[in-house]
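Visitor: I am new to this structure and would like a close look at one part of it, the aromatic pairing. Please place that part within the whole first.

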Amino acid sequence: MSLLKAAREVRENAYAPYSKFKVGAAVRGASGVIYRGVNVENVAYPEGTCAEAGAIAAMIAAGETELIEVAVIADSPTPVPPCGGCRQKLAEFGRAETPVTLATTDGDRLETTIGDLLPGRFDMSHMDKA
């Protein structure tokens, strides 16, 4: 199964009763297994969870700590990028060159990388003196 197809399918399970903006995400772990996530809203904003964070959490819960590919899809006019927090989360578990596909439900796509989404990322090397 393609990563984008996995993200598209899981998107339908998003819990978005307030915004009605459903997002699906899928990450491929280094093992090749696909992990999926959806946005989960909460009436007490901003207590919700992003789709990317959910996919990463599923990967970590399964015992993997490295992602090698990412796909995010939403029903939006243009491909929707991850929020700043999710960009940092993706950078924690992926490399700068890790491919990211951002897509709309209408078929528009933007191919990018984690490094392009988060240039100058904060990483473990910044903590070498700690």
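Guide: Along the sequence, the elements of this protein come in the order α-β-β-α-β-α-β-β-α. The model is a predicted one. In total there are four helices and five strands. The C-alpha atoms occupy a box of roughly 45 × 35 × 30 Å along the principal axes. A compact globule of 130 residues would have a radius of gyration near 14 Å, and the protein agrees with this because its own value is 14 Å. Of the 130 residues, 41% are buried. Among contacts with a separation of 6 or more, 60% join residues 24 or more positions apart.

Now to the part in question. The count of aromatic pairs comes to one. Tyr18 sits in the loop between α1 (3-11) and β1 (23-29), while Tyr45 sits in the loop between β2 (34-38) and α2 (51-61), so the pair ties together parts that are 27 residues apart in sequence.

Tyr45, at 53% relative accessibility, counts as exposed, because the exposed class begins over 50%.

As for the surface as a whole, the protein exposes about 7,100 Å², and carbon and sulfur atoms supply 55% of that area.

How values were computed:
Residues are numbered from 1 along each chain as its sequence is written. This is a predicted model: local features need pLDDT of at least 70, side-chain atom pairs count only at pLDDT 80 or more; totals for chains, interfaces and linings use all residues. Side-chain values use heavy atoms; hydrogens and water are left out. Helices (H or I, at least four residues) and strands (E, at least two) are DSSP runs, numbered from the N terminus. The radius of gyration is taken over C-alpha atoms; the globule rule is 2.2 Å times the number of residues to the power 0.38. Buried means under 20% relative accessible area, exposed over 50%, partly exposed in between (1.4 Å probe, protein chains only). Contact means heavy atoms within 4.5 Å. Accessible areas come from the Shrake-Rupley method with a 1.4 Å probe; for residues, only the protein chains shown count as cover. Rings of Phe, Tyr and Trp (its six-membered ring) pair if their centres lie within 6.5 Å; planes under 30 degrees apart count as stacked, over 60 as edge-to-face and the rest as tilted.
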